[in-house]
Amino acid sequence: MDERAITIGSGYRSISEGNNHAIADNKIVRSSNRDGEYNIYMYDLTKNEERPICTNGSSRFPAIYGDKIVWEDYRNGNADIYMYDLATGVEKPICVALGDQTRPSIFGDKIVWEDYRNYTGDPYKKGDIYMFDFASKKEIPICIDPSTQDLCGIYGDKIVWRDY
């Protein structure tokens, strides 16, 4: 087993805050506030090099699958879901809706996230689960229920979340 540090230099490198890092194949993505603002970086274990993915100072909770990196982004004043395609070098918004869209997860051609567009202030009803399907190019509500849904994940054709 090969053990090595993947961050060097000075400054704070945040990987301890919940889901602020992810790994797929030989790529690690993480949110770091080394400059006092949260940005997304990718470290390629094969090349032993790090590169910035999104440096607008308001990006957290990345996830990766293949060449696609997704994250929660506050550039518009509330949390939205953005994606960067490593193959094309293109960043694009996935969901920019009312309320917050947070903590994305990606597998294959589908992205799921917690969505608060329907939040009315009721402390017992906060989030729903939504999905974007690249094949159909459609956003699909997965679970909109009177209770709270959060902490979602996807693998294959299965989506899981906490419901309370």
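In the predicted model, Gly-57 counts as buried, at 18% relative accessibility. The value falls below the limit for this class, because buried means under 20% relative accessible area. Gly-57 is situated in the loop that links β4 to β5 (59-65). When neighbours within four places in sequence are set aside, the contacts of Gly-57 are with Glu-37, Tyr-38 and Asn-39.

Backbone geometry was examined next. Asn-48, although not a glycine, adopts a positive phi of about 55°. This residue, Asn-48, belongs to the loop between β3 (39-44) and β4 (49-54), and a relative accessible area of 44% makes Asn-48 partly exposed. A positive phi, of about 50°, is also found at Leu-151, likewise not a glycine. Leu-151 is part of a strand, β13, which covers residues 149-155. With a relative accessible area of 45%, Leu-151 is partly exposed; the assignment follows because partly exposed denotes the range between the buried limit of under 20% and the exposed limit of over 50%.

As to the cysteines, Cys-95 has a relative accessible area of 2% and is therefore buried. Cys-152 also counts as buried, at 12% relative accessibility. The structure contains 0 disulfides, the criterion being a pair of cysteine sulfur atoms within 2.5 Å.

Methods:
Residues are numbered from 1 along each chain as its sequence is written. This is a predicted model: local features need pLDDT of at least 70, side-chain atom pairs count only at pLDDT 80 or more; totals for chains, interfaces and linings use all residues. Side-chain values use heavy atoms; hydrogens and water are left out. Buried means under 20% relative accessible area, exposed over 50%, partly exposed in between (1.4 Å probe, protein chains only). Helices (H or I, at least four residues) and strands (E, at least two) are DSSP runs, numbered from the N terminus. Contact means heavy atoms within 4.5 Å.
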